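Reader: I am new to protein models. Could you show me how to read a few features?

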Amino acid sequence: AEGLEKALDETVDVKAYDPTKVATAGEDQAVTEKDRIPYFVAFALSMMLWMTVFSGAYMLLTSMLEEKMNKLLEMMLATTRFSEIILGKLLGVALLTVTAILPYIIMGIVGVIGAIFLGPSDVAQGLITAFSPKMIIFFTIFLVLGYIFYGSLFIALGALAESMQDAQTLTTPIMFVLMGAMFIVPIGLTAPDSPLLIFASWFPLSSPFAMLMRLPSDPPLWQLLASVGLLAATTFGVILLSGRIFRYGVLSGAGVKGATDWFKR
């Protein structure tokens, strides 16, 4: 009874160990704060990627819907091709999104540099490890592919919708996928080798966010390249499909019922 009361009153000191970590004379294989920093950075970058993709895709949806309702698309089609409209929207909204988040990016860069030069040595080493060339390169690749993937989908669905209610109905499945990816990403903070996270890193709809969480655990390069290749191939297919849906939605003025009939055919 006395031992039970003592155990209930006191907190248990639990240590996590990394079997892949090389033990040195001054440090064992225990996971320290320096080892956790790259995972927190990957989590922050994944959330930043999610918000950038979501905000950009939503702006594409609303702009497409407004132009369709105000009959502006008919005027643009008189002098512009379908592909040029889609490409122009993707580039324009991408630049607008980058401009909107640029102050936060600058503050983040300044904060990281300040922490590296002015913070404790363990924090500085953790941040240097976190912002490796591999992380920066693959973050950029997943940002571009993820934005094009979801942006093309939202443009196509915006062309099919006749009202904001139609747009919400059409985009509900995609929103569920995006929300699911956001809930999967935090798993990487405690279990980077989780089978669910590994599956999400291969699934094209969630791979841009999940694979970033796996980068601090240093997955094989072939897995990173294969995930990028699968996402790129899926994005190319989505672009082709979105172009056809966009053309059909603009020319026919179809709504939710028309979109359902088109998919059935």
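Predicted model: local features only at pLDDT ≥ 70, side-chain atom pairs only at ≥ 80, totals over all residues.

Reader: Where is Ser152, and is Ser152 buried or exposed?

Author: Helices are DSSP runs of H or I with at least four residues, numbered from the N terminus. Ser152 sits in helix 6 (residues 133–160). Buried means under 20% relative accessible area, exposed over 50%, and partly exposed in between, with a 1.4 Å probe and protein chains only. Ser152 counts as buried because its relative accessibility is 2%.

Reader: Which residues is Ser152 in contact with, leaving aside its neighbours within four places in sequence?

Author: Contact means heavy atoms within 4.5 Å. With those neighbours set aside, Ser152 is in contact with Leu90, Tyr147, Val238, Ile239 and Ser242. Ser242 belongs to helix 11 (residues 221–252) and is buried too, at 4% relative accessibility.

Reader: What lies 3.2 Å from a polar atom of the side chain of Ser242?

Author: That is the backbone oxygen of Ser152. A polar atom of the side chain of Ser152, in turn, lies 2.7 Å from the backbone oxygen of Ile148.

Reader: How do I describe two helices that meet, such as helix 4 and helix 5?

Author: The axes of helix 4 (residues 82–118) and helix 5 (residues 121–130) come within 7 Å and cross at roughly 135 degrees. Angles under 35 degrees count as roughly parallel, over 145 as roughly antiparallel, 65 to 115 as roughly perpendicular and the rest as oblique. Helix 4 and helix 5 are therefore oblique to each other. Val112, Ala115 and Ile116 in helix 4 meet Ala124, Leu127 and Ile128 in helix 5.

Reader: What is the phi of Asp218?

Author: Most residues other than glycine have a negative phi. Asp218 has a positive value, near 55 degrees. Asp218 lies in the loop between helix 10 and helix 11 and counts as exposed, at 53% relative accessibility.

Reader: How many residues of helix 10 are buried?

Author: For helix 10 (residues 207–214), 8 of the 8 residues are buried, so this helix is largely enclosed by the rest of the structure. Among them are Phe209 and Arg214.

Methods. Residues numbered from 1 in each chain as written. Heavy atoms only, no water. Polar contact = N/O pair within 3.5 Å; in protein donor to acceptor, adjacent residues only side chain to side chain. Axes fitted to C-alpha atoms, helices over the stretch in contact; angles between N-to-C directions.
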